Every structure is written in C-alpha cells, then in structure tokens.
Amino acid sequence: MHSIMSRVAVILFSACLLFLVVEGVSRLEWSLRSNTSFFSPNVAFYYPELPRGEKAVAPNKEGSLEVLVLGGSVLHPDWGSIPQALLEKLTSASGKKVKVRNMAMPGHTTLDSFYKLRRLVDRRFDLIICYHGINELRLNNCPEQMYQQDYSHYSWYRVVNFFENRPNIPDLACLFSFGYRLVRLHEKIGSPPRYIPRDSPSEDMMRYGGYIKTAVSFRENMENILELAREGQSPLVLMTFAFHLPSDYSLEAFQARSLDYCLHSCAAEIWAKPEHLAEGLRVHNDIIRDLASRSNDVIFVDQYTQIPQCARHFNDVCHLTQEGSIRFVENLLKAAGPYVKNKRPENFTGMVQEKAAGSGS
C-alpha cells in the first residue's frame, strides 16, 4: 500500500512539474513574441495593445480627455502621422490634457475592434474613433462555400474566436500555445483548402473577391461596436473609408512608382484585385453611411468625399501622407469638436437630442 501511494505521489509530482515547465515555456515564448509580461493573460498574447496593469473602470481625471482609437494600419503610427496629429489637434481644440489609447493594429478588422471594445466595455471614454473598411476585403478572396461569417476561414480568427467566445477558459499560456499550433497545423497540413493565406491573397483565389461576402459580417460587427459604445455612454465616431485608386492603376505601374501616389507603400493586390477593392470599399462605406443615418447618437465623418484623391494625400490606396493625415484629423474635429469640448455624458445626450430634433427623425 505504501509503495502504491509513493508511486501515485511521484506521478502527481511529475505531472505538476511537467505542467509548470510547459506553462513556463509557453509564457516565455508568447511574452517575447507579443512583448508582454510573462504573467499576462491569454488576451495579451493576441491583443497586446489592450491596457494591462490598471483597473478598466478607473475614472478619467478631471479636466482630461480620454480617446480610444480602433482600426487598422492607417491609424497606426508605423504607417502615418494620424496619431500624432490627433493628439496635437485634440489638445488644442479641447484645452485639456489628452490621452489617446491607440488600439489600431495593421491587418485588424471590425471583428478585432469589437473584441477589444468588449474587453473595455466598463471603461467610459470621452470619444471612440472607429475607422475600418479595407482589411476585411482580403477575406472575400475565396469561394462562397469556403467563406465563414465569423472569419474563421482565416486561421488568425479561428484561434482568437475560440478564446473570445469562451470567457471562462483558464488563462493558461499552454492552452493558447497548443490551440495556436493545432490551428496552424490544420491550416498547413490537415485541411489547407479551408483557409485563405495569412499574407497576400493567392492569385487563383482573387477571382472570387468580386462578391463582397463580408458585407453582412462588417455590418454586424459595426452594429456590435455601436451597441458597446452606447452601453459605455461613450460618443462614437463612424467614418467612411478614404481611398485613392487611380484610373490608370496597374501592379506594373505601381511597382514602377509611376502612379498618382507619394511613397507607393502598398499595392492594392495585397487586399484584392483593384476592381474588387473599389467595389468592396463602396459596399462597406454604404454600410457606414446607413448606420450613421439610422443612429442619432453617433458622430459621422465622410472621409471618403472630404480627402482629395491625389499624391498630396495618399501614399498608396489607403495610407495617408502627412498632409493627408492632417486633413483626416481636421475633418474629424469639425464633426467631433462640440463633443470634445463638452465631454460629460449628459452634455453628449443633450447634443444627440438636438441633432435628432433637427433631423426630424
């Protein structure tokens, strides 16, 4: 009996030791990959831009202005000067200390922004800026039967959806590490036809991108973001997506740097065929306009019509030059200025009521 108990104790001790080693190695790997703390929860491994180490419900300091930015690379500091211009012009317009929480990340879509905002739903922001339209279009490059409304035909979302749809799952890095590797293995070996490429779309798949399958998901995700902003009593800025696709566009001309762009940063083909890209952005922009027309509690900015399409403003189909970035922020502040200067929720509600009364809706 004593011998059996000893063996059981050794087995349990070995199992615990093995678990600690595997968990420790997993945490070390993902903390290095995502530049987060070793003790970070799973969400920090795939959304390291989310705030950590502070209470999500901490109130804003009196006289300060807290702004949340959601979007893709256009709003990221590595791809333009919008973040700096936004900070400077918001500070000047409000006369307050401004804190911009920029959670825009290259490649991210409305689904990523919904997940991030859901994590912050208990925090009240003085302004939420949401700018999406182009990254989703990459997901259209597949046959209709392959497309998934939750974007899980793109392996990134098969991993993220698993954890985001199971809020009670333990925060173990080994679970995330194994889940990630299983999906990648499934993508590479198990069933490659179920996934689209993680980088640029394959040429044979691009022919399917003309049917904008993302329209339903894009609308649903934006509606979810809108509802979360309402729940948090935070004014939300919705904007059409500004883009510039010259009439003489071709991949050859882009590579020769002969188009009406400044830096020629990214070819349209990293998202879709040029004609499909234009159609997809038109569909997504129409959805944004429709949501704004139906909602008296959003701030709407039609960036697409207000930013001139030329090399002075565009480095490529969507990334903005310094002058374009300033124009983007000025357009935003024209619409959001009154809300910035009157940050309290009761003032925001009063403005919404005036807007609704003026619109006759």
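Visitor: Leaving aside its neighbours within four places in sequence, which residues is asparagine 285 in contact with?

Guide: This is a predicted model: local features need pLDDT of at least 70, side-chain atom pairs count only at pLDDT 80 or more, and totals for chains, interfaces and linings use all residues. Residues are numbered from 1 along each chain as its sequence is written, and side-chain values use heavy atoms, leaving out hydrogens and water. Contact means heavy atoms within 4.5 Å. On that test, asparagine 285 touches Thr240, Phe241, Phe243 and Tyr304.

Visitor: Where does asparagine 285 lie, and is it buried or exposed?

Guide: Helices (H or I, at least four residues) and strands (E, at least two) are DSSP runs, numbered from the N terminus. Asparagine 285 belongs to helix H9, residues 274-294. Buried means under 20% relative accessible area, exposed over 50%, partly exposed in between (1.4 Å probe, protein chains only). Asparagine 285 has 2%, so it counts as buried.

Visitor: How many residues of strand S1 are buried?

Guide: S1 covers residues 64-71. Ser64, Glu66, Leu68 and Leu70 point one way, while Leu65, Val67, Val69 and Gly71 point the other way. Both sets are buried.

Visitor: Which residue in S2 is the bridge partner of glutamate 66?

Guide: Two strands pair if DSSP finds at least two bridges between them. S1 and S2 (residues 97-102) pair in the parallel sense over six bridges. For glutamate 66, the partner in S2 is lysine 99.

Visitor: Through which helix does the chain cross from S1 to S2?

Guide: This β-α-β crossover is right-handed. That means that, with the strands pointing away from the viewer, the path from the first strand over the helix to the second runs clockwise. The helix spans residues 82-94 and is H3.

Visitor: Which residue in S3 is the bridge partner of valine 67?

Guide: S1 also pairs with S3 (residues 127-131). The sense is parallel, over five bridges. Valine 67 is bridged to leucine 127.

Visitor: How many residues apart in sequence are the parts tied together by tyrosine 46 and phenylalanine 176?

Guide: Rings of Phe, Tyr and Trp (its six-membered ring) pair if their centres lie within 6.5 Å; planes under 30 degrees apart count as stacked, over 60 as edge-to-face and the rest as tilted. The search finds 19 aromatic pairs. Tyrosine 46 and phenylalanine 176 are stacked, 5.6 Å centre to centre with 25° between the planes. Tyrosine 46 lies in H2 (residues 42-46) and phenylalanine 176 in H6 (residues 173-190), so the parts tied together are apart in sequence by 130 residues.
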